[in-house]
Amino acid sequence: MALLEVNDLQVYYGVIQALKGISFEVNEGEIIALIGANGAGKTTTLHALTGLIPKTGVIKYKGENITKLPGFKLVPMGIAHVPEGRRVFAHLTVLQNLKMGAYTRTDKKEIEDTLEMIYKRFPRLEERKNQMAGTLSGGEQQMLAMGRALMSHPKLIVMDEPSMGLSPIYVNEIFDIIQKINEDGTTVLLVEQNAKKALSIADRAYVLETGKIILSGDADDLLHNDQVRKAYLSE
């Protein structure tokens with residue numbers, strides 16, 4: 001049984017159909033990449049999955065139908081969302097931001113243990129724990145957004161464009177961290193404009209085009225697929 005199953009997902013913005021009945025699955029332990037051009041429906045897919053917008057179709061998590069559940073009910077179930085643009089709380093400190101990520105948890109010892117793990121994964125966050133989040137660089141804010149999501153101790157983390165606007169050095173660092181998060185046992189669903197980097201770390205991938213999945217398969221196969229290379233991997 002897949003960790004996440006999506007069947008016939010449809011989303012409308014007024015009369016515009018943004019998602020046209022897409023179906024896919026994410027198995028436990030995988031990194032799954034959703035790639036496609038701007039406007040293909042990638043972010044809409046994540047917003048639909050995490051209960052942020054109305055949709056039709058069926059979404060199952062661990063076999064349970066979560067289609068109608070709002071986002072705040074998904075977090076304690078083990079689903080965390082790292083949104084596009086980081087969305088850190090700029091006027092709170094790094095530490096306060098991280099603790100916000102643990103708002104559904106009650107065991108203080110477990111929260112402190114998770115915080116210690118986050119600091120090991122992101123040493124810069126510990127160095128800047130008392131600094132206002134809005135004063136961090138873009139790459140540091142992305143690390144904070146990822147760390148905040150991990151504070152909820154998710155089984156599945158969905159990430160929306162984690163490399164957007166970052167320098168090449170930070171891009172490489174962020175993708176290394178995503179791999180390590182996955183190796184530590186968290187399943188990852190990754191939406192990413194940088195198709196080459198996404199496919200280089202993913203197990204499988206789906207290609208979205210104008211609200212439809214037009215290709216899917218092993219990430220390495222798609223990395224060498226002529227259609228994908230021409231559309232998304234040109235330098």
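Strands are DSSP runs of E, at least two residues, numbered from the N terminus. The model shown in these close-ups is predicted.

**View 1. D8 in strand 1.** D8 is found in strand 1, which covers residues 4-13. Its phi is positive, about 55°, although D8 is not a glycine. D8 has 39% relative accessibility, so it counts as partly exposed.

**View 2. H153 in a loop.** H153 is found in the loop between helix 6 and strand 7 (156-160). H153 is not a glycine, yet it has a positive phi of about 60°. Because exposed means over 50%, H153 counts as exposed at 56% relative accessibility.

**View 3. Helix 6 against helix 7.** Helix 6 (residues 138-150) packs on helix 7 at an angle of about 15°. The axes are 10 Å apart. Angles under 35 degrees count as roughly parallel, and helix 6 and helix 7 are therefore roughly parallel to each other. Their crossing is right-handed. From helix 6, G139, E140, Q142, M143, M146 and L150 take part; they meet Y170, E173, I174, I177, I178 and I181 in helix 7. By class, the residues of this contact are 8 nonpolar, 2 polar and 2 charged.

**View 4. The largest nonpolar core.** This core has 50 residues. L98, L125, M146, I178, L199 and V228 touch the most other members. Helix 7 (residues 168-183) gives the most to the core, with 7 residues. A second, separate core has 28 residues, including V6, A18, L46 and A48.

**View 5. Surroundings of L125.** Leaving aside residues up to four places away in sequence, L125 touches V94, L98, I118, Y119, E140, M143 and L144.

Notes: Residues are numbered from 1 along each chain as its sequence is written. This is a predicted model: local features need pLDDT of at least 70, side-chain atom pairs count only at pLDDT 80 or more; totals for chains, interfaces and linings use all residues. Side-chain values use heavy atoms; hydrogens and water are left out. A nonpolar core is a set of buried Ala, Val, Leu, Ile, Met, Phe, Trp, Tyr and Cys residues joined through side-chain atoms within 4.5 Å. Buried means under 20% relative accessible area, exposed over 50%, partly exposed in between (1.4 Å probe, protein chains only). Helices (H or I, at least four residues) and strands (E, at least two) are DSSP runs, numbered from the N terminus. Contact means heavy atoms within 4.5 Å. Axes are lines fitted to C-alpha atoms, for helices over the stretch in contact, and angles run from 0 to 180 degrees between N-to-C directions. Angles under 35 degrees count as roughly parallel, over 145 as roughly antiparallel, 65 to 115 as roughly perpendicular and the rest as oblique. A crossing is left-handed if the near helix is turned anticlockwise from the far one by less than a right angle, and right-handed if clockwise. Ala, Val, Leu, Ile, Met, Phe, Trp, Tyr, Cys and Pro count as nonpolar, Asp, Glu, Lys and Arg as charged, and the others, Gly among them, as polar.
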